[in-house]
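Good morning, and thank you for coming.

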Amino acid sequence: EIPKRDWSSDVCSSDLDTATKTMTVKFNTGQEYEYKDVPHEMYVQFRLAESQGKYFSTQINKKFDFKKL
């Protein structure tokens with residue numbers, strides 16, 4: 001099981017639908033986005049990262065198709 005921790009100055013919460021590989025991210029600003037085709041392994045690394053905000057910015061953001069919710 002992936003630890004339920006969102007320790008970031010940017011990320012408020014996140015979730016991954018493993019069936020569709022859709023990652024939902026809610027930011028501390030209140031904005032929420034969906035990212036398509038995020039591999040489960042990458043989501044696990046994101047959740048375990050010392051800095052989730054930095055990992056998100058460098059490994060996920062703008063590298064996957066996304067839409068604002």
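A polar contact here is a pair of N or O atoms within 3.5 Å; within protein, one atom must be able to donate a hydrogen and the other to accept it, and residues adjacent in sequence count only if both atoms are side-chain atoms. Please bear in mind that this is a predicted model, in which local features need pLDDT of at least 70 and side-chain atom pairs count only at pLDDT 80 or more, while totals for chains, interfaces and linings use all residues. Residues are numbered from 1 along each chain as its sequence is written, and side-chain values use heavy atoms, with hydrogens and water left out.

Let me turn to the sheet. Helices (H or I, at least four residues) and strands (E, at least two) are DSSP runs, numbered from the N terminus. Two strands are said to pair if DSSP finds at least two bridges between them. Four strands form an open sheet in the order β1-β2-β3-β4, with antiparallel pairing. Strands β1 and β4 (66–68) stand at the edges with a single partner strand each, so one side of each is left without a neighbour in the sheet. From one strand to the next, the twist averages 20°.

The pairings may be taken in turn. Strand β1, residues 11–17, pairs with strand β2, residues 22–27, over six bridges in the antiparallel sense. The hairpin of β1 and β2 has four residues between the strands, and K21 takes a positive phi near 60° there. Strand β2 pairs in the antiparallel sense with β3, residues 32–35, over four bridges. In the hairpin of β2 and β3, G30 takes a positive phi near 100°. K26 in β2 stands opposite S13, and K26 also stands opposite E32 in β3.

Next, the helices. Axes are lines fitted to C-alpha atoms, for helices over the stretch in contact, and angles run from 0 to 180 degrees between N-to-C directions; contact means heavy atoms within 4.5 Å. Helix α1, residues 40–48, lies across β1 and β2 and runs at about 155° to β1. Helix α2, residues 52–60, lies across β2 and β3, at about 135° to β2.

R47 is buried, with a relative accessible area of 2%. Its side chain makes a polar contact of 3.4 Å with the side chain of S14 and another, of 2.8 Å, with the side chain of Y43.

T22, in strand β2, is buried as well, at a relative accessible area of 8%. The side chains of T22 and T20 are joined by a polar contact of 3.0 Å.

Finally, the core. A nonpolar core is a set of buried Ala, Val, Leu, Ile, Met, Phe, Trp, Tyr and Cys residues joined through side-chain atoms within 4.5 Å. The largest such core has 16 residues, of which M23, Y35, F46, F56 and I60 touch the most other members. At least two residues of this core come from each of β1, β2, β3, α1 and α2. Within the sheet, M23 stands opposite Y35 in β3. Leaving out residues up to four places away in sequence, F46 touches V11, S14, M23, Q52, Y55, F56 and I60.

Key:
Buried < 20%, exposed > 50% of the residue type's maximum accessible area, 1.4 Å probe, protein only.
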